[in-house]
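Good morning, and thank you for coming. I would like to take you through one structure, beginning with the strand pairing and then turning to the core and the ligand. Please look at the model as I speak.

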Amino acid sequence: MILIVGATGYLGNATARRLLVAGEAVRAMTRTAAKAQDLQELGAEVVVGDLRDEASLRRACDGVDRVFATAHALMGRGQESSKYVDDLGHKRLIDAARAVRRQPV
Ligand SMILES: NC(=O)c1ccc[n+]([C@@H]2O[C@H](COP(=O)([O-])OP(=O)(O)OC[C@H]3O[C@@H](n4cnc5c(N)ncnc54)[C@H](OP(=O)(O)O)[C@@H]3O)[C@@H](O)[C@H]2O)c1
């Protein structure tokens with residue numbers, strides 16, 4: 001299972017589609033499930049998550065063996081700024097992915 005973070009974005013959506021066509025199991029992360037409906041219809045599992053929400057990242061990473069991170073907030077302001085999403089958010093994502101890897105199979 002491959003987790004695509006930013007699956008509703010330009011890069012993430014195109015990548016998710018290519019992976020689904022190739023027969024890969026894809027979990028598509030978005031803050032708004034309705035935005036990933038197209039991927040769900042193509043067979044993706046949709047998970048609601050936010051790079052600023054540690055618990056949601058642990059849920060998103062649970063059971064995946066690869067993570068493809070394409071989300072960004074380059075134009076965001078305040079709590080949605082790059083500092084909280086791109087910098088701290090991706091650190092949280094790496095921690096969540098590592099925590100899942102450490103779990104015994
Ligand atoms: N597109 C280009 O031409 C281009 C060129 C050079 C480099 N890049 C780089 O490629 C990467 C992807 O760019 P893109 O154009 O594909 O992005 P995009 O179309 O603007 O999509 C941004 C994605 O980020 C997600 N996102 C935003 N805030 C989030 C948060 N707090 N938590 C989780 N997800 C969040 C959005 O998901 P939801 O709204 O669904 O939650 C959305 O899927 C970026 O690093 C960008 O700098 C892109």
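Opposite L3 stands V67, in strand β4. Before I continue, please note that this is a predicted model, in which local features need pLDDT of at least 70 and side-chain atom pairs count only at pLDDT 80 or more, while totals for chains, interfaces and linings use all residues. Residues are numbered from 1 along each chain as its sequence is written.

Strand β1, residues 2-5, pairs with β4 in the parallel sense over four bridges. A word on terms: two strands pair if DSSP finds at least two bridges between them. Helices (H or I, at least four residues) and strands (E, at least two) are DSSP runs, numbered from the N terminus. β1 is also joined to β2 by four bridges, and these two strands run parallel. Within that pairing, I2 has V26 of β2 as its bridge partner.

What is the order of the strands in the open sheet? The four strands are arranged as β3-β2-β1-β4, with parallel pairing. At the edges are β3 (45-48) and β4 (66-69), each of which pairs on one side only. On average, neighbouring strands of this sheet are turned by 25° against each other, direction ignored. Helix α3, residues 54-61, packs on the sheet and touches β1, β2 (26-30), β3 and β4; the direction of α3 makes about 165° with that of β3. Such axes are lines fitted to C-alpha atoms, for helices over the stretch in contact, and the angles run from 0 to 180 degrees between N-to-C directions. Two residues are in contact if their C-beta atoms, placed from the backbone, lie within 7 Å.

Let me turn to burial. A residue is buried if 20 or more other C-beta atoms lie within 10 Å of its own, exposed if 12 or fewer, and partly exposed in between, with C-beta atoms placed from the backbone. Why is β2 largely enclosed by the rest of the structure? Five of the five residues of β2 are buried, so this strand is largely enclosed. Both of its faces are covered, with V26, A28 and T30 buried on one side and R27 and M29 buried on the other. In a regular strand, the side chains alternate between the two faces of the sheet.

T30 in strand β2 is buried, with 25 other C-beta atoms within 10 Å. Leaving out residues up to four places away in sequence, T30 touches A7, T8, K35, A36, V46 and V48. T30 and I4 lie 26 residues apart in sequence, and their C-alpha atoms are 9.0 Å apart.

Is A55 buried or exposed? A55, in helix α3, is exposed, with 10 other C-beta atoms within 10 Å. L57, in that helix too, is buried, with 28 other C-beta atoms within 10 Å. Beyond four places in sequence, L57 touches G49, R92, L93 and A96.

The C-alpha atoms of F68 and I2, 66 residues apart along the chain, are separated by 7.2 Å.

Next, the core. In soluble globular proteins, nonpolar side chains tend to be buried together. A nonpolar core here is a set of buried Ala, Val, Leu, Ile, Met, Phe, Trp, Tyr and Cys residues joined through C-beta atoms within 7 Å. The largest has 25 residues, and L3, I4, A16, A28, M29 and C61 have the most contacts inside it. Two or more residues come from each of β1, α1, β2, β3, α3 and α4. The largest share, four residues, is given by α4. A28 is in contact with I4, A7, A16, A36, L39, A44 and V46, apart from neighbours within four places in sequence.

Finally, the ligand. How many residues surround the ligand? There are 20, the closest being G9, L11, T30, R31 and A71; a residue counts if its C-beta atom, placed from the backbone, lies within 6 Å. The elements giving two or more residues to this shell are α1 (10-21) and α4 (82-102), and α1 gives the most, with three.
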